[in-house]
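Please open the model in your viewer and keep the selection panel at hand. The stops below go from one whole chain to an interface and then to a single residue.

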Amino acid sequence: MTPMLEVEGLEQRFQLNKGLLDRITFRGGRPRLRNTTVHAVNGVSFAIAPGEVLALVGESGCGKSTVAKTIARIYEPTGGRIRIEGEDVSAYGPRQMLPVRAKMQMIFQDPFASLNPRQKVRDIVAEPLLQQLGPSRRAEVRERTAALLARVGLNPEQAGRYPHQFSGGQRQRIGIARALSVNPGLIIADEPVSALDVSIQAQILNLMLDLRDEFGLAYLFISHDLSVVHHIADRIGVMYLGFMVETAPRDRLFAMPRHPYTRALLSAAPTIEPQRKTAEMELAGEVPSALSLPSGCCFRTRCPFAWDRCAIERPALRDLGGGQSVACHLIDEPQRDRM
Amino acid sequence: MTAPLLSVRGLRTWFHTFAGTVKAVNGVSFDLMPGEVMGLVGESGGGKSVVGFSILGLIDPPGKIEGGQILFDGRDLAQLPEDALRRIRGREIGMVFQDPMTSLNPVQTIGHQMDEVLRLHTKLDARARRARCIEMLESVGISQAADRLRSYPHQFSGGMRQRVVIAIAMLARPRLIIADEPTTALDVTIQSQILKLMRRQIAEEGASMILVTHDLAVVAEMVDKITVLYCGKVVETGPVREVIDTPAHPYTRGLIDSIPNPAHRMPRLNQIPGTVPDVRNLPAGCSFRDRCPRAQAICAETEPPLTPQRGGQHAACHFPVPATQTTGEPA
């Protein structure tokens with residue numbers, strides 16, 4: 001079966017457009033120009049089958065949102081391939097992307113910023129569909145808009161209102177209705193519940209899972225919250241500093257995380273359970289700058305197990321079976337794992 | 001029995017707006033013992049931050065403390081004039097806010113801002129103040145503390161800035177710390193470092209803390225007791241494990257069931273239906289009744305008082321959730 005989405009060696013770099021004077025530094029009395037390339041995503045590969053939920057987790061700056069936005073072609077990829085249902089869209093221009101957008105839509109984090117405050121809800125939801133069908137089928141679009149609003153739990157009679165008249169949870173429902181309007185097979189959801197209160201978050205997660213079952217949707221779900229990810233995802237990819245460090249099916253990742261970063265992430269997440277199941281592993285320090293990546297393994301500066309090999313050789317993702325892949329030298333030398 | 005360090009009695013903080021009076025805090029009472037850590041939890045609009053600000057005397061018009069007492073060590077903070085409050089804030093009550101970028105002054109060095117606290121609140125000379133600042137920065141895990149005193153806030157990362165804020169809050173050895181969402185803006189590995197640090201600092205100084213947060217998981221790991229607010233009122237309060245394991249109020253039950261729990265994954269989350277009502281226009285009786293699966297006729301008529309429940313907690317509910325029940329649905 002063709003995967004809904006296939007990403008191969010995706011790279012994304014940004015140039016900080018700073019002036020010459022900002023970039024100039026003096027080292028040993030000589031002027032040098034500082035490097036201003038942000039290495040946001042460094043060769044990430046994965047695939048999502050139809051109806052599957054893949055979650056990308058990681059901390060701020062790990063590149064998970066950049067991956068989402070690059071796939072949605074909000075950014076132009078610097079390198080690598082993006083295939084939607086087998087069709088390579090990585091070099092498509094805006095006009096070529098239009099038919100592709102009927103297969104792939106996005107839901108954003110901030111329900112306050114992602115809806116045009118001067119558009120009525122019915123126009124917001126109808127816009128992607130009107131783009132696809134053309135203005136001659138306005139009546140059909142209106143009918144579908146009302147049905148969609150009802151499906152996501154909003155009163156279609158409120159379609160003439162503006163976004164500010166709705167609460168955060170309701171606004172996120174509007175965003176979901178807009179994404180569903182063109183009947184896509186893939187929805188890219190970038191932190192869709194992070195801005196919401198827990199009781200509203202539960203409503204939106206339930207809605208997203210119901211819609212998945214009903215329409216056979218595949219999700220690329222971006223989140224920093226491990227408990228949310230555990231609830232919604234079939235498979236999880238853990239990112240650090242623009243690299244994919246581990247991917248595994250949900251239960252396997254939570255039961256036997258292999259990468260030291262995944263282990264630290266799981267043990268740092270607070271829980272309402274009285275006892276922790278995972279061994280405590282605290283990370284010192286902070287994420288290095290994406291302006292100058294560490295040599296070798298991206299995680300070695302904070303890894304409690306790192307040894308000289310980690311500074312020399314960058315570990316590649318290796319298949320461990322059972323759908324789990326890990327990028328870590330500990331796999332070769334398990335005796336160094338002292339926990 | 002020792003006397004409570006802080007005793008809040010029937011606190012009412014209202015905001016008079018053109019669109020009506022917002023009763024953000026409407027009759028909140030609790031006690032905090034010396035050395036005790038209490039979590040103040042609830043969703044947006046519950047009034048948890050306003051309770052914290054009221055204790056600190058930081059309510060500005062159109063807000064006003066309409067009634068109730070805030071007894072701190074025998075003095076009623078709600079009645080004290082501003083200059084007396086100013087001597088208490090920073091010295092006896094320390095503050096940690098959510099966003100470390102906005103609670104630090106961007107145009108002054110860290111050293112200057114730390115020194116200011118000691119200059120205002122202690123009689124130490126310049127040399128002793130500097131020594132205390134360095135000692136404090138080191139104890140929150142900032143290396144090369146003497147050099148870092150000359151740094152500005154933007155030269156620190158988010159996690160480091162929050163460490164500085166904690167250092168400033170603890171400088172004058174306050175007896176009470178009010179921390180409002182101190183780790184919400186931080187990543188999970190940094191959050192765990194900061195929470196550990198706060199727990200250690202509080203224990204070392206023997207201070208009490210009120211931790212204001214929406215995150216029940218953080219509360220579960222940090223506090224001794226928990227007070228749950230809904231629409232400006234306490235709906236449940238008690239020892240942390242009892243409240244989380246066997247909540248008596250349907251709202252607390254609903255909140256806990258709404259959190260995805262990797263240890264017990266359910267195909268669907270038990271969501272609380274509906275949304276928080278408009279605080280300017282609360283329904284009569286119990287404010288939660290429109291969203292409550294257990295509500296009956298009496299809930300619309302009489303507001304339930306806080307009553308003792310099994311397990312040592314108190315809840316404001318006519319039909320508390322039985323201990324054996326694990327969901328908010330009626331049996």
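What radius of gyration does chain B have, with its 331 residues? With 331 residues, a compact globule would have a radius of gyration near 20 Å, and chain B agrees with this at 21 Å, the radius being taken over C-alpha atoms and the globule rule being 2.2 Å times the number of residues to the power 0.38.

A note before selecting: this is a predicted model in which local features need pLDDT of at least 70 and side-chain atom pairs count only at pLDDT 80 or more, while totals for chains, interfaces and linings use all residues. Residues are numbered from 1 along each chain as its sequence is written, chains are lettered from A and ligands numbered from 1 in the order in which they are written, and side-chain values use heavy atoms, with hydrogens and water left out.

**Chain B**

Select chain B, whose C-alpha trace spans about 70 × 45 × 45 Å along its principal axes. Its secondary structure comes to twelve helices and twelve strands, which are DSSP runs numbered from the N terminus (helices H or I, at least four residues; strands E, at least two). Of the 331 residues of chain B, 53% count as buried, that is, under 20% relative accessible area with a 1.4 Å probe, protein chains only.

**The interface**

Next, select the residues where the two chains are in contact (heavy atoms within 4.5 Å): 40 come from chain B and 37 from chain A. The area buried between them, meaning the accessible area (1.4 Å probe) that two parts lose on being put together, summed over both, is about 3,400 Å², and carbon and sulfur atoms give 53% of this.

One salt bridge is counted between the chains, defined as a side-chain nitrogen of Lys or Arg within 4 Å of a carboxyl oxygen of Asp or Glu. Show A:Asp210 and B:Arg268, which form a salt bridge with their closest N and O atoms 2.6 Å apart. On the side of chain B that touches chain A, helix 8 of chain B gives the largest share, seven residues.

**A:Asn206**

Finally, centre on A:Asn206, in helix 7 (residues 198–215) of chain A, which is buried with a relative accessible area of 1%. Leaving out residues up to four places away in sequence, A:Asn206 touches A:His231, B:Arg268, B:Leu269 and B:Gln271.

Definitions and conventions: Buried means under 20% relative accessible area, exposed over 50%, partly exposed in between (1.4 Å probe, protein chains only).
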